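Student: Before I rely on the labels attached to this model, I would like to go through some of them with you and ask what each one rests on.
Tutor: Then let us set each value against its cut-off and see what follows.

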Amino acid sequence: MLIKPGPLLAHINSPEDLKKVEPKDLAQVSEELRQYIIDVVSVYGGHFGASLGVVELTTALHYVFNTPSDQLVWDVGHQAYGHKILTGRRDNFHTNRVYKGLSGFPKRKESNYDTFGVGHSSTSISAALGMAVASQYKDEQDKHHIAVIGDGSMTGGMAFEAMNHAGVSNSNLLIILNDNCMSIDPNVGALKDYLTDITTSHAYNKVRDEVWNILGKTSKFGPNAREIVAKLENSVKSFLLKQSNLFESLNLRYFGPVDGHDVNHLVDVLSDLKDIPGPKILHCVTVKGKGYALAEKDQTKWHAPGKFDKITGEIQKKVHETPQAPKYQQVFGNTIVELAEQNEKIMGVTPAMPSGSSMNIMMKAMPERAFDVGIAEQHAVTFSAGLATQGLVPYCNIYSTFMQRAYDQVIHDVCLQNLRVVFCLDRAGFAGADGPTHHGAYDLAYMRCIPNMIVSAPMNEEELRNLMYTAQLPGEGGFTIRYPRGQGVMPEWKTPMQEIEIGKGRKLRDGEELAILTIGHIGNYAVEVCDALEEEGIAVAHYDMRFVKPIDEDMLHEVFSKYRKVITVEDGCINGGFGSAVLEFMADNQYMSQVTRLGIPDAVIEHGEQRQLHDECNFGPEGIYRTVKRMLELAPATIL
Ligand SMILES: Cc1ncc(C[n+]2csc(CCOP(=O)(O)OP(=O)(O)O)c2C)c(N)n1
């Protein structure tokens, strides 16, 4: 479907073209950019509200700064659609997030204007500071370095680590705080309150006015009153700002707050800031979803709504003829409440993903027992460890990819102290259209090497519930349960929960020559393959191992005694993951079977639908089927 840009936008193929636009027409360019984002995202899907909120800012930044020589870094990057459209990718923009198309986030490989690859939050200030210090070192004095970071991302510890460094760096860094009071869900924490305070109360301005009024009234200083007040005002200002402004206290010059939707004012302010050297911050107030009424009203829903009818605002839903299985997320959200009703020690923790993980169900039902701690994975884990020291049982739900941030906390704060913290790793395996920054590819490998850690993955909803039930029974150490984004396989999922023996797998069927060993939801592909093979008269065994650690050694003894051909399947990295655990067992126990490991190869796998990516990596049903056939043709291994 051809989507036509507005008349001005149609001629903008680069920031050079944008700079030819008269200032009076910038508002129209912004409006056309907004409309184009609405037109494309409504048809093709993607992130939505965040990009609408920074349309004017994006236009002003590319108008004022000399990109790509000036380095513009977007935090997270889900708001950079306008940036992509203005920097030569307008006509490809309909391929955004599609297999082999544009990435949904800035990506260095994709464009010179994408100065830094993003997807995980709170990295922009560090990256831009690194660039600024490099420019200083190379004596490139004229270069500007700009980090655009949302108030949600500002809650991440890295942003503060970077500001702490920037404040003593004397580098040419401009931080733009895009403050829309929202993360994906409403932003949380004391920083949010602080930002609202400085936006609404203007403590400094109030005091200045009071000083002026007092002096004006008494007119003690006669005709020089104005001059004296100006002097006094300056010293009061610098004193008060240092005292009361968080950013000034960190040695960053603070400007704002400014209206982030007044493009001409933004152009003036940014032009002025260009002349002010050193690290500085501009506080910009914007509205997430600006210009699309429904998105302004329900900002969480319209963060990434999928395809929708732009006129009616109706979001497309797939129509199914048969009852559908629920999403794992939904099962998690309902099950944790069910468990918490029975066990008063259970607590819920999520770093900024209440809706995505469904922890919002518990936050609503039991607000005093479930916490959104902001985009703060490290804190989420250590906070959970703290709860555990007091005998509580925290369920810390973190997307697999974001858990990478908190690895040391898992080792140092949870496992070394053998504390029972339950890690529910959502979005494990391929994240789909979000791409490599979001794939949960490494968790099996990075969790299984830690002592005092149980690593499990359910193959269906019943298994997820049973694992969640088992994890809250008395026990020690970390307990990881990882599951993918999306639907399970059991429409009737509200099964009574029961304990699973830790480290015990399930034999799903016997075979003759070959066994398939799977972990987690991906095992359902093996079921399909075994069914198809059975119809051909080939009996292949299938074991759902459930646990990568402790791995079911009795079951593996059975497998390697009986089958000389084994295939392992996982939707995690093949290096060091589940298949590696099986190979280690085989070597350690002197077995000798032919083993093929299927999983995510040692490469960056780009974005696409989960199924496309499984097929690309050869562990979709066809890949497993082909592998079985190939292995059955192999001559049996001989011991030399
Ligand atoms: C480390 C990490 N944790 C969680 C996320 C998921 N996430 C993506 S966008 C977002 C909200 C960001 O809020 P903000 O920076 O204010 O930008 P806005 O969407 O409001 O424009 C979150 C939590 C992430 N990208 N990275």
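Student: Why is Asn170 called exposed?
Tutor: In this predicted model, Asn170 has a relative accessibility of 59%, and because exposed means over 50%, the residue counts as exposed. Asn170 sits in the loop between α7 (157–166) and β3 (173–179), and its phi is near 55°, a positive value in a residue that is not glycine.

Student: What makes Ser358 count as buried or exposed?
Tutor: The relative accessibility of Ser358 is 11%, and since buried means under 20%, Ser358 counts as buried. Ser358 also has a positive phi, near 75°, without being a glycine, and is found in the loop between α15 (354–357) and α16 (359–365).

Student: Why is Thr568 called buried?
Tutor: Its relative accessible area is 0%, which falls under the 20% limit, so the term buried applies. Thr568 belongs to strand β16 (residues 565–573), and, leaving aside neighbours within four places in sequence, its contacts include Leu517, Phe578, Val582 and Leu598.

Student: How do you know that β12 and β14 pair?
Tutor: Pairing requires at least two bridges between the strands, and three bridges join β12 (residues 506–509) to β14; therefore the two count as paired, and they run antiparallel. Within β14, Asp544 is the residue opposite Arg506.

Student: In which sense does β13 pair with β14, parallel or antiparallel?
Tutor: Strand β13 (residues 514–518) pairs with β14 in the parallel sense, over four bridges, and Ile516 has His542 of β14 as its bridge partner.

Student: Which residues of β14 point one way and which the other?
Tutor: Ala541 and Tyr543 point one way from β14 (residues 541–544), whereas His542 and Asp544 point the other way, and all are buried. In a regular strand, side chains alternate between the two faces of the sheet.

Note on methods:
Residues numbered from 1 in each chain as written. Predicted model: local features only at pLDDT ≥ 70, side-chain atom pairs only at ≥ 80, totals over all residues. Heavy atoms only, no water. Buried < 20%, exposed > 50% of the residue type's maximum accessible area, 1.4 Å probe, protein only. Contact = heavy atoms within 4.5 Å.
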